[in-house]
Amino acid sequence: MMKIALPDTQGRMADYTLTGTPIAQAVLPVNPARIVYSAAHVVADPFTTNDPSGRAAVDWEKTMEFRRYLAGLGLGIAEAMDTAQRGMGLDWPGALELIQRTKAELPDALVGNGCGTDHLDPADARTLDDVIRAYLEQVEAIQAIGGRIVLMASRALARVATSPEDYLHVYAQVLSACDQPVILHWLGEMFDPALAGYWGDSDFDATLETVLAVIEQNLSKVDGIKMSLLDKDKEITLRRRLPAGVKMYTGDDFNYPELIEGDDQGFSHALLGIFDPLAPAAAYAVNRLAEGDKVGFRATLDPTVPLARTIFRAPTQYYKTGVVFLAWLNGFQDHFIMLNGHQAMRPLPYFAQVFRQSDACGLLRDPELAVRRMKSLLAVYGV
């Protein structure tokens with residue numbers, strides 16, 4: 001049995017014995033029991049001469065290799081979303097190149113592409129028309145290559161909108177330009193503080209009505225909505241009120257097993273950042289669900305929840321650090337360097353906890369490699 005000495009929050013070292021068994025491989029069929037998108041991370045180029053605060057430098061070969069891995073499991077890819085450090089290292093030109101490369105590399109894969117207004121500095125947004133023009137620029141660029149859209153929340157819109165009616169107006173204009181139904185994205189301020197008060201109110205009941213109005217007034221343009229509020233009751237409330245045919249895609253990285261399994265009134269599909277490191281568990285679990293094995297579904301995903309809660313702990317926007325850390329431990333990239341230097345955005349005990357929890361739920365696909373890499377990280381910190 002393998003052991004590794006890991007530190008606690010006081011710097012005390014204690015031996016940890018690995019016990020996990022890597023999750024069995026499974027591939028989702030063409031028509032799975034649930035539609036599953038993994039919001040995928042990007043691999044930074046560690047040899048760039050760009051400063052971390054400068055223009056992002058992406059290792060395209062490794063970034064595309066990871067997308068081929070996800071597609072090989074039968075998972076959809078949510079491209080150029082916040083998991084790819086969109087708006088936190090990856091700008092719109094970089095995002096568009098990522099979208100274009102994924103389309104060229106995987107033309108037949110299920111891909112939803114993040115479409116926002118991030119090339120418009122919120123401070124430069126003066127009117128709703130500024131926001132609409134920014135959205136439409138990205139809509140046009142993504143649709144020019146035949147890409148499908150995930151319509152992301154806009155920091156600029158949050159800045160200039162003064163009422164729910166402003167949101168209704170902007171979304172109506174943008175959705176009218178979309179040539180295929182889109183996935184709307186309700187992203188909470190825990191993921192992006194600049195989105196506080198989105199939809200024109202800070203009260204959930206009020207914002208719920210605005211979101212439903214956006215959907216109902218643009219029904220032919222909406223495939224579904226991804227909800228990322230980390231509150232299962234709020235998601236279920238919206239899910240039960242969605243018009244027929246409009247899908248709920250859970251973005252709840254804390255409560256996904258229950259929400260995907262569903263209840264007697266419905267279920268959620270998935271579009272999750274946690275399904276980047278949990279990709280094999282997601283594929284295996286949803287296959288169990290297709291076989292009617294709800295017990296096997298929950299037995300696979302429930303043990304991953306403590307890990308997800310650690311990765312997505314507050315400040316939640318730095319969850320990408322845990323995602324990329326696990327990609328490195330699992331051999332999907334050769335280094336633990338991130339865009340904007342975000343590998344430094346979590347402390348050492350966080351990485352030790354992620355290591356332990358990943359092992360416990362079978363997510364270290366090559367435990368010997370993971371131990372070697374964890375030891376190398378510990379050495380950097382003086383262990």
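**Exercise 1.** Find which elements each supply at least two residues of the lining of the second largest cavity, and say how that lining divides by class.

*Solution.* The elements are α2 and β5 (111-115), each of which supplies at least two residues of this lining; helices (H or I, at least four residues) and strands (E, at least two) are DSSP runs, numbered from the N terminus. The model is predicted, with pLDDT of at least 70 needed for local features and 80 or more for side-chain atom pairs, while totals for chains, interfaces and linings use all residues. Residues are numbered from 1 along each chain as its sequence is written, and side-chain values use heavy atoms, without hydrogens and water.

Next, list the lining: I99, T102, K103, V111, N113, I145 and G147, with the largest share, 3 residues, coming from α2. By class, the lining has 3 nonpolar, 3 polar and 1 charged residues, where Ala, Val, Leu, Ile, Met, Phe, Trp, Tyr, Cys and Pro count as nonpolar, Asp, Glu, Lys and Arg as charged, and the others, Gly among them, as polar.

**Exercise 2.** Describe how α2 and α3 are placed relative to each other, and name the residues through which they meet.

*Solution.* Begin with the axes of α2 (residues 92-105) and α3 (residues 128-143), which come within 10 Å and cross at roughly 25°. Angles under 35 degrees count as roughly parallel, and α2 and α3 are therefore roughly parallel to each other.

Then turn to the contact (heavy atoms within 4.5 Å): W92, L96 and I99 in α2 meet E137, Q138, A141 and I142 in α3. By class, this contact has 5 nonpolar, 1 polar and 1 charged residues.

How values were computed
Axes are lines fitted to C-alpha atoms, for helices over the stretch in contact, and angles run from 0 to 180 degrees between N-to-C directions. Angles under 35 degrees count as roughly parallel, over 145 as roughly antiparallel, 65 to 115 as roughly perpendicular and the rest as oblique. On a 1 Å grid over the protein atoms alone, a cavity is a set of points where a 1.4 Å probe fits but cannot get out, and a pocket is an open set with protein on both sides within 12 Å along at least five of seven lines; lining residues have an atom within 4 Å of a point.
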